[in-house]
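Dear colleague,

Please find below the sequence and the structure that I am handing over to you. My notes on what was found follow directly after them.

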Amino acid sequence: MPSTAPTRGRLWSWLEERVGLSDFEALARHKQVPIHRHRFWYYFGGMTLFLFGVQVTTGILLLLYYRPSAEEAYESVQFLMAEVQFGWLIRSIHAWSANLMILALFIHLFSVLLLKAYRRPREITWMSGVALFGVSLGFGFTGYLLPWNELAYFATKVGTEITGAVPVVGHFMLRLLRGGDDVTGATLTRFYGIHVAILPAVVMLILGAHLFMVQKHGMSVPPGVDREGGPRRTMPFVPDFLLRDMVGWLSALAVLALLAAILPAELGKKADPFAPAPIGIKPEWYFMFMFQTLKYLPSRILGIEGEIVGILGFGLGGLFLLVLPFLDRRAERGSRASLFTWIGIGIIVYVIVLTYLGYTASPTK
Amino acid sequence: MESTMEPVPTRRSFVNWLLGTSAGAFVLSVLYPISRYLVPPPAGESSAASVVVPVKADEIKPNTGQIFKFGSKPAILVRTAAGELRAFTAVCTHLNCTVQYRPDLGEIWCACHNGHFDLNGHNVSGPPPRPLDPYVVNVRGTQIVVSKGV
């Protein structure tokens, strides 16, 4: 082995002997990315990862000023926004990057779904991805409460109350999440712990598995491209694909800077547990389709409370996504699985229409 | 091992059993306290059976509503257009938001999911599944005392 290694200087040899740099080099050299007409969608996983990196960095910076208690949280964010140099920028980037990350994640998830990249042997890659999606929503939900403002307070009340409607274990889960029977300072402290310690640890484990699987199996070629046959074209990951990836990251960063500078994150009014829910209360946009569905459900459906039907429906939807690779046997055989394509398109249309209605339908009607 | 043969207890299998059960017991002894720790202790349920609303009776105009604290939960006091005072829990029966009085409709309304209640607390439209719990309102001079029903 050392005989084939080119002479790279003393630092390289020193590190090579201790770390084994040439193993990484070989890994990077061998990684290939297929070239076909759908390869545009390959960029969204990496973009999600990049935005997650932005979240970690800005999140750590926010930690230096944030105080996780009902008495101080709002004031500490106010201080950060008004007094700390570039505090508004760090917080705005964190808020916008969260939104863009979820957006990139939606695109990544649904493009993988429609291109059937979940088929054998990538079932675990898919399931870990769905789990990461769930964890990301958890990040969004817990992070939303931390500034302790009016909107976040009621969004959290509603969101946690929804867990309470789950049959049998609901009330227990609700108390576990809220740290008591109501949304109080105890909830804030708990959400803080979940947001900055528990979820990051969970992400590291699942993301590690996800990325390992992606490396192990390489990029999936869509069945449609596979069926056409013909010569397989590829490009090396390093540097060809990586450089293209970085163009995407830079674009994301540019959009992020633009949004953060033009539309900085707002703080609103401090949460008051004894004020009525404000008119126009809404959750983050990625929960909007669920929120809007709950508005339309009547109070009783077939003798069951409407919200329970809704919650069970979304629970089953999540479960469906998780086990999708095992339901779609046709995609596994490489034949057309148009049923699951249409289900995927149906879900996308449902989410978009309900989100649109959530922002346009009159809240007081 | 063939099914006809009885497994012979060996020193090795005994040690494995011992190791396995100790490992299991260790995991349980770690998980049990953690799981109990995560469940918050029960909060003492507010025993207040009645409260004095921190607003004088003559300050509440007809066709308005006012949120006040009833123990640890919000409650709503409404003076109807006819001048009658009524009080209910302000916690929406749908998903726990705090309701408010809508003078334009003469109804109690929840902004979260557009739930409507009439001035008897009945859920008249939208997603709320149950009526709001009513309270008893007594006026003593200018003082308003709201208490739980009997």
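Strand β9 (residues 134-140) of chain B pairs with β10(B) in the antiparallel sense, over six bridges. Within this pairing, V136(B) stands opposite S147(B) of β10(B). The two strands form a hairpin with two residues between them, and there G141(B) takes a positive phi near 70°. Please bear in mind that this is a predicted model.

Strand β10(B) has a further partner in strand β1 (residues 50-53) of chain B, to which four bridges join it, again with the strands running antiparallel. Here V51(B) is the residue that stands opposite V146(B) of β10(B).

Chain B also contains an open sheet of four strands, in the order β5-β6-β7-β8, with antiparallel pairing. Its edge strands are β5 (100-102) and β8 (123-125) of chain B, each of which pairs on one side only. From one strand to the next, the twist averages 40°. Inside the sheet, β6(B) and strand β7 (residues 115-117) of chain B run antiparallel and are joined by three bridges. I108(B) stands opposite F117(B) in β7(B).

Leaving aside residues up to four places away in sequence, I108(B) touches I76(B), V78(B), F88(B), V99(B), Y101(B), F117(B) and L132(B). I108(B) also belongs to the largest nonpolar core, which has 51 residues; W148(A), F154(A), I76(B), C97(B), V99(B), I108(B) and C112(B) are those that touch the most other members. The elements giving two or more residues to this core are, in chain A, α4 (73-82), α6 (123-145), α7 (150-164) and α9 (185-217), and, in chain B, β3 (73-79), β4 (85-89), β6 (107-110) and β10 (143-148). The largest share, seven residues, comes from α7(A). Another core, of 33 residues, lies apart from this one and includes Y43(A), L62(A), I102(A) and A117(A). As a general background, nonpolar side chains in soluble globular proteins tend to be buried together.

Turning to chain B as a whole, it has one helix and ten strands. The chain is divided into domain 1 (6-39) and domain 2 (50-148). How far apart are the centres of domain 1 and domain 2 of chain B? Taken over C-alpha atoms, 56 Å separate them.

The overall dimensions of chain B were also computed. Its radius of gyration is 29 Å, whereas a compact globule of 150 residues would have one near 15 Å. Along the principal axes, the C-alpha trace of chain B spans about 90 × 30 × 25 Å. Of the 150 residues in chain B, 27% are buried. Among the contacts in chain B between residues at least 6 apart in sequence, 37% join residues at least 24 apart.

Finally, one residue of chain A may be of interest. A331(A) is found in helix α14 (residues 329-332) of chain A. Is A331(A) buried or exposed? A331(A) is buried, because 23 other C-beta atoms lie within 10 Å, and 20 or more are required. A331(A) and R119(A) are 212 residues apart in sequence, yet their C-alpha atoms are 6.3 Å apart in space.

With kind regards

Note on methods:
Residues are numbered from 1 along each chain as its sequence is written. Chains are lettered from A and ligands numbered from 1 in the order in which they are written. This is a predicted model: local features need pLDDT of at least 70, side-chain atom pairs count only at pLDDT 80 or more; totals for chains, interfaces and linings use all residues. The radius of gyration is taken over C-alpha atoms; the globule rule is 2.2 Å times the number of residues to the power 0.38. A residue is buried if 20 or more other C-beta atoms lie within 10 Å of its own, exposed if 12 or fewer, and partly exposed in between; C-beta atoms are placed from the backbone. Two residues are in contact if their C-beta atoms, placed from the backbone, lie within 7 Å. A nonpolar core is a set of buried Ala, Val, Leu, Ile, Met, Phe, Trp, Tyr and Cys residues joined through C-beta atoms within 7 Å. Domain bounds come from an automatic or database domain assignment. Two strands pair if DSSP finds at least two bridges between them. Axes are lines fitted to C-alpha atoms, for helices over the stretch in contact, and angles run from 0 to 180 degrees between N-to-C directions.
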